[in-house]
Amino acid sequence: MAVLNPIPSRLEGRKLSFKGGTHPPGHKEISREQAIERAPVPPEIRLPLSMHAGAPATPVVAKKDEVSRGQLVAEPGGFVSAPIHSPVVGVIKDILPQPHQSGRMVPTIVIQTDVEKTEEALSQETAPDERADIDISDQAPEKILGAVKDAGIVGLGGAAFPAFIKLTPNKQKPIDIVILNGTECEPYLTADHRLMVERPGIVIAGLRLAMRATGAQRGAIGIEDNKPDAIASIRRALRESQVAERIDVCELKTKYPQGGERNLIPAITGRAVPVGGFPPDVGVAIFNVGTAAAMAEAVLHGKPLMERVLTLTGRGLRNPGNLLALIGTPLQFLIDQRGGLTEDASIAILGGPMMGPAAASLDLPVLKGMSGVTVLTREQTEPRREYPCIRCGRCVDTCPLGLMPALLARLSQRRRAEDALRCHLLACVECGTCSYTCPSNIPLVQYIRSGKALARQLQQKG
């Protein structure tokens, strides 16, 4: 393997960023000061067998089976897959198709919760050791991999890719740096922000374990400069613990989509991930800060991924906040517990407004990769008239990958998929920057998505 560029000295001293991008209003003030609260236990839990990238999980329980908190209820359905564990004490009510955030009906394990016994189990759980410098000398790489795999840890930033695969060593593509993504560049969302402020030790412990598993000699945590308290919290935890590993805290300019791995990696390392390539091609493994915390809990405390921090936010909610919610909790239950929707609530978005899909209903469960729910008002979602392209070039200037979104959209509209492929159609990450900056209100991303679907159909036909 060719020698990779060393991590530049610019890690220290000045704020880092990438070329392109835009600055949508953050709206972080709605929930950023709200400390993480444990959400109430719901009377019913719904666990879709497809809540991770790859093959759906396979149930190992049946209707009327009793389950305990932390019990395995579905095993991986393939190499790229993840197990699922019950977050509650209860009884399997049924296994049947249920609404999913993808818009499809997906086979789902429905558990009737014994709320009292679940609350008792939660009260008896020992608080995890959250020291950043916790001893990990006895954690062999294969032990870390096994614990992360068995715990069902997937990427909590949204992609939900099984974490153990990223940790698996590859002699052809050695990892020399592990990066934690703490940018949380999507407007409104503050779950990662609060996690870094309140639990910096567990985040750092997760990074150290990932470095040990991959053999990386360096670690970095990228945080945007609109989160000064998170930067200070992580730096203080590192300074006070004096961990042996080399870990840099990288202050990044607040710009969307700073958190995209193809933007974050060059900003921190100076290395560009090739088109069609992946972070390991340039010696990098990258994880969300929430994923790192979950890995630490799995490896050090044997805790499966049964809950996650997510943000309930937006002007359409009466009481926004950051919640530690059980996986499978219905969104409507969470919102009702916090006062419900405002009278002018219009659209609920799963995640942030730049990339998150609109929810067909709130009768959906919390998934492993669900970072939040943003509820917008009617005023914020009034339809805008689309005008012809004026060839201003703003979409090209702001595209973080240097693509030509207007051209890709036009080719997609005309069903010229082969031409669009030659213009790197599939390289688009659908960040929404082009649509946001278009003065003609052209939904460029939607057109590009349709073009991708057509292109994939053509590729499958050969």
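The questions below concern how terms are applied to this predicted model.

Q: How many of the contacts in the chain join residues at least 24 apart?
A: Of the contacts between residues at least 6 apart in sequence, 74% do. As for burial, 54% of the 462 residues count as buried. The accessible surface is about 20,300 Å², with 51% of it belonging to carbon and sulfur atoms.

Q: Why is strand S10 called mostly covered?
A: A residue is buried when its relative accessible area is under 20%, and seven of the seven residues in S10 (residues 218-224) are buried. This holds on both faces: Arg218, Ala220, Gly222 and Glu224 are buried on one side, and Gly219, Ile221 and Ile223 on the other.

Q: How do you know that S10 pairs with strand S9 and with strand S11?
A: Pairing takes at least two bridges between the strands. Five bridges join S9 (residues 177-181) to S10, and seven join S10 to S11 (residues 246-252), so both pairs meet the criterion. S9 and S10 run parallel, as do S10 and S11. Isoleucine 177 has arginine 218 of S10 as its bridge partner, while glycine 222 stands opposite cysteine 250 in S11. Between S10 and S11 the chain passes through helix H6 (residues 228-241), and this β-α-β crossover is right-handed.

Q: How do you know that cysteine 392 is in no disulfide?
A: The two sulfur atoms of a disulfide must lie within 2.5 Å. A search of the whole structure finds zero disulfides. For cysteine 392, the nearest cysteine sulfur is that of cysteine 438, 6.4 Å away. Cysteine 399 is in no disulfide either, with the sulfur of cysteine 431 nearest at 6.3 Å.

Q: What makes the peptide bond from tyrosine 256 to proline 257 cis?
A: Its omega is near 0°. Most peptide bonds are trans. Proline 257 lies in the loop between S11 and helix H7 (261-269).

Q: What is the phi of glutamate 430, and what is that of asparagine 441?
A: Glutamate 430 is not a glycine, yet has a positive phi of about 60°. Asparagine 441, also not a glycine, has a positive phi of about 60°. Most residues other than glycine have a negative phi. Glutamate 430 is in the loop between helix H12 (417-422) and helix H13 (433-437), and asparagine 441 in the loop between H13 and helix H14 (444-461).

Q: Why does asparagine 441 count as buried?
A: The limit for buried is under 20%; asparagine 441 has 19% relative accessibility, so it counts as buried.

Q: Which residues of helix H11 are buried, and what do they pack against?
A: In H11 (residues 405-413), Pro405, Ala406, Leu408, Ala409, Leu411 and Ser412 are buried. They pack against helix H10 (394-398), H12, H13 and H14. Arginine 415, which follows H11, has a positive phi near 60°.

Key:
Residues numbered from 1 in each chain as written. Predicted model: local features only at pLDDT ≥ 70, side-chain atom pairs only at ≥ 80, totals over all residues. Heavy atoms only, no water. Buried < 20%, exposed > 50% of the residue type's maximum accessible area, 1.4 Å probe, protein only. Helix = DSSP H or I, 4+ residues; strand = E, 2+ residues; numbered from the N terminus. Right-handed = clockwise from strand over helix to strand, strands pointing away. Contact = heavy atoms within 4.5 Å. Areas by Shrake-Rupley, 256 points an atom, 1.4 Å probe, with all protein chains shown as cover.
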